[in-house]
Every structure is written in structure tokens, then in C-alpha cells.
Amino acid sequence: MIKRLLNFLDASPVNFLAVRNIVNELEQAGYRRMDPCEAIGQVKAGDKLYVTKNDSSVYAFHIGRKSLADAGFRMICAHCDSPTFRIKPNAEMACEGGIVKLNTEVYGGPIMSTWFDRPLTLAGRVILRGDDEMSPKTMLLHVKRPLMQISNLAIHFNRQVNDGVKLSKQKDVLPILGIVTDELEKGNMLMNLICSELAVRQDDVLDFDLYLADATPACTFGLHDEFISSGRLDDLSMCHAGLQALLDTPDTDTTKVLAIFDNEETGSQTKQGAGSPFLAGVLKRIALAQGGTEEAFYQAVERAFMISADNAHAWHPNYSEKYDPTNHPVLGGGPVVKFNAAQKYASDAVSAAVFSEICRKAGVPCQRFVNHSDVAGGSTLGNILASSIPLRGVDMGNAILAMHSCRETGSVADQVYTVKAFTQFFGS
């Protein structure tokens with residue numbers, strides 16, 4: 001299980017590639033693609049369907065033996081985007097000595113200093129000229145070698161660096177791409193790379209969505225290999241756990257839904273984010289395709305339960321003062337239910353009780369997280385999704401260290417625990 005997770009992390013440096021890899025596994029398991037531009041057609045028990053949006057979000061449905069109106073649905077949702085740096089248009093910046101760096105902008109809320117002095121690569125999608133202007137072609141790009149680096153300034157020029165330095169998003173975090181060795185490379189180094197990797201002509205490249213990614217493979221570490229070290233554990237570890245549970249459970253009375261959203265790190269208010277009505281529309285269309293009415297969809301929502309799976313903050317042994325004194329989950333202690341009095345999380349006493357019982361039946365420990373009252377916390381998918389589908393649900397995740405670092409730390413045991421809990425949820 002953990003080896004499969006590590007392989008998935010290495011193959012999914014950005015949202016587009018994560019969705020492609022999830023889709024590949026779904027299709028191997030017999031799921032068929034729905035075209036949202038076409039009528040769904042009749043839907044019957046046992047059908048396995050999926051649909052994507054923007055190539056960066058994916059929604060899978062395993063239709064239950066009972067209709068949505070009669071049994072509702074069980075949903076696990078997660079997100080496939082992570083904090084990083086986006087390559088700007090006209091990105092190449094020529095410097096002295098022929099050095100070329102790339103102009104970037106911050107995506108989400110990364111710990112920027114963790115991206116320094118490590119091998120980085122490039123991944124995303126490239127848009128090519130199609131048969132007509134309304135239908136361009138898309139190709140995915142993943143340069144599978146160390147390609148760039150954001151280098152620190154030497155301590156001799158910045159004696160206060162270990163006292164804390166404010167970083168400029170425009171100046172300090174621009175990666176070095178290479179040194180021009182040929183006149184033909186001037187102004188074309190990035191485009192030449194893209195065309196070479198994809199074997200396309202420069203004239204056919206219309207635009208791109210490209211991002212930086214850590215080039216170092218995911219791994220386990222610790223005396224007993226008990227920890228996971230990787231970029232994007234938040235939230236690809238939960239995407240993978242939900243996918244494994246979906247694929248490992250047979251037909252049930254209740255329809256199973258896996259929803260992998262994009263853009264959680266920037267607020268979810270996009271057509272492919274949790275704030276979009278897209279998923280609600282697809283669920284309504286499925287209810288109608290089962291021979292029901294619009295009323296059937298609303299009945300299904302009232303009978304449904306959602307697990308919003310997004311990682312939680314593990315207790316850090318060097319910074320115990322940052323945590324709530326009685327609700328600080330530890331690595332290896334099991335999945336974490338997240339609470340917030342300001343309703344940043346969907347969890348309440350009822351939904352937390354439901355999830356706790358799921359864990360108990362799965363033989364899995366369960367923890368609680370509440371922010372230290374003097375430390376502001378973040379938000380996640382649950383309440384945002386509930387603005388378009390008023391679902392009963394719980395916000396949970398695995399406890400990790402260094403959330404939003406270029407490289408985060410999780411627990412092997414927690415990943416196993418969460419897959420067991422999700423399998424219990426989907427299979428019962």
C-alpha cells in the first residue's frame with residue numbers, strides 16, 4: 001500500500017497529472033467516462049462512472065443497488081492541488097553570464113524557504129493548436145529529471161539569514177533554468193524544452209499551465225521506516241486513500257462517490273473547485289437517469305454522508321506551545337477529526353460520532369484536532385462544498401508535519417489506518 005502511495009506521489013507532481021493517474025486506475029477497474037456534454041443515459045445498479053472537469057478534478061460514482069432517493073450516497077472528497085510556484089507567461093529573464101531564470105508567481109501558501117537549494121522540475125499542461133479555435137489540444141508535461149533550482153544568497157552577504165528574513169515573492173524565489181550556449185537559445189530556452197519534451201512544433205504551442213515541483217522522489221524514513229517524506233502529502237495522500245477504498249469495495253446498497261477537487265489551496269471558487277455547482281449537477285443528473293425526479297436528488301442529499309479528507313496538523317515536538325493543550329494529534333495516532341467553533345470545518349458532534357464509529361468498526365484509532373485559541377487556523381473542503389450541496393459530513397485527515405512545505409512528513413501507520421476507515425465507510 002505505501003509503495004503504491006509513493007509511486008503515485010512521484011507520478012503526480014501537479015493536479016493535472018494526479019487526475020490523469022487517478023483516471024487510469026479508474027478505467028483499469030472498469031469505470032467508464034461520462035461526457036458532460038452528452039446525455040448520461042440510463043444508469044443502473046453496479047454501474048461505474050467518472051467525469052472530469054478542466055483536466056484537474058475528477059468525480060467517480062459506483063452506483064448502489066438502491067436508488068439515490070432510497071439510500072442516498074456516501075462521499076469522500078479531497079483535493080489534488082498543492083502550494084507551489086506557477087510559471088508566468090513570457091517567463092524567461094536573461095541575466096549576466098548568459099544565465100536564464102524564470103519569472104514565477106506563488107500558487108497557494110507555500111513555505112517558500114523550503115524550496116531553496118533543492119533540485120526542482122517542471123510539470124503541468126501545454127495547450128496546442130487544434131482543428132478549430134474553440135477546441136485546442138492538451139498535452140501533459142512532466143520533465144522527469146532535476147531541471148532548476150532556487151539558490152540562496154550566501155550567508156556572507158546576508159548575515160541575518162538565521163534570524164529570519166522576509167522573502168520577496170517577485171525577487172527571491174525565481175528558479176535558475178540554465179545558461180545560454182547558443183544564440184538560438186536566447187528567449188527560447190523554455191519553449192525549446194517544452195517542444196523537445198513533447199515532440200511538438202513551437203508554432204503549435206498556444207499556451208501552458210506549468211508549475212515547479214520537487215524532483216526528489218518520495219520515501220519513507222525513521223528507525224523503523226515509520227515516516228513518509230514527500231511533497232504534496234497535503235492532499236494527495238487523502239486522494240490516494242479514497243481511491244484505494246473505492247476500488248477495494250464491492251457493490252453495496254448505497255452509491256459511492258469519490259470527488260477530487262482542484263484549487264482548494266486558493267479558495268475553491270472555480271469551476272473545478274469545491275465551491276462549484278458542477279458536482280451537484282452531475283449527482284442530480286444521475287438521480288434523474290435512474291428514473292427519479294429532481295425530488296429524488298434532494299432526498300438523496302438528506303440521506304447522504306460526506307467525509308471531507310484533508311490533512312491535519314500533527315503535534316511538533318519542537319513547538320508544543322503552538323498546539324491546543326488537550327487536542328493535538330500525533331503522528332501514528334490514527335485519522336484526525338477537525339473541529340472549529342467558527343465553523344471553518346464541517347464537523348459537529350453528530351458527524352464526528354459517525355466517523356468515530358466507522359473507525360471503531362474498522363479497528364482504527366481516531367484523534368481530535370482543535371486549534372490553539374490564540375492561533376488562527378485554515379479552512380478546507382467540507383463547508384465550501386456544503387454551500388452547493390447541504391451535506392451532513394465530517395472534516396478529517398491524517399496528521400502531518402510541515403504542512404505546505406516543499407516536503408511534508410506523514411506517518412505510514414496513519415495512511416494504513418485511513419484506508420481501512422475509508423474502506424469500512426464505503427463497504428458497509
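Guide: Ala, Val, Leu, Ile, Met, Phe, Trp, Tyr, Cys and Pro count as nonpolar, Asp, Glu, Lys and Arg as charged, and the others, Gly among them, as polar. What you see above is a predicted model, where local features need pLDDT of at least 70, side-chain atom pairs count only at pLDDT 80 or more, and totals for chains, interfaces and linings use all residues. Residues are numbered from 1 along each chain as its sequence is written, and side-chain values use heavy atoms, with hydrogens and water left out.

Visitor: What makes up the lining of the second largest pocket, by class?

Guide: Sorting its residues gives eleven nonpolar, five polar and four charged. The pocket's volume is about 530 Å³.

Visitor: And which residues sit closest to the centre of the largest pocket?

Guide: The largest pocket holds about 670 Å³. Closest to its centre, out of 35 lining residues, are His-313, Gly-377, Gly-378, Met-403 and His-404. Its lining splits into 14 nonpolar, 14 polar and seven charged residues.

Visitor: Why is one space called a pocket and another a cavity?

Guide: On a 1 Å grid over the protein atoms alone, a cavity is a set of points where a 1.4 Å probe fits but cannot get out, while a pocket is an open set with protein on both sides within 12 Å along at least five of seven lines; lining residues have an atom within 4 Å of a point. The whole structure has three cavities of 30 Å³ or more.

Visitor: Which residues line the largest cavity?

Guide: Among them are Leu-5, Ile-228, Asn-311 and Asp-414. Helix 5 (233-248), strand 19 (399-400), strand 20 (408-411) and helix 10 (412-427) each give at least two lining residues. By class there are five nonpolar, six polar and one charged, around a volume of about 60 Å³.

Visitor: What about the second largest cavity, how is its lining divided?

Guide: Five nonpolar, no polar and two charged. Asp-35 and Arg-285 are in that lining, and they count as charged because Asp and Arg are in that class. The volume here is about 40 Å³.

Visitor: How do you know that strand 16 and strand 17 pair?

Guide: Two strands pair if DSSP finds at least two bridges between them. Strand 16 (residues 336-339) and strand 17 have four, in the parallel sense, so they qualify. Lys-338 stands opposite Phe-369 in strand 17.

Technical notes. Grid points are joined across faces, edges and corners, and a volume is the space filled by probe spheres set on the points.
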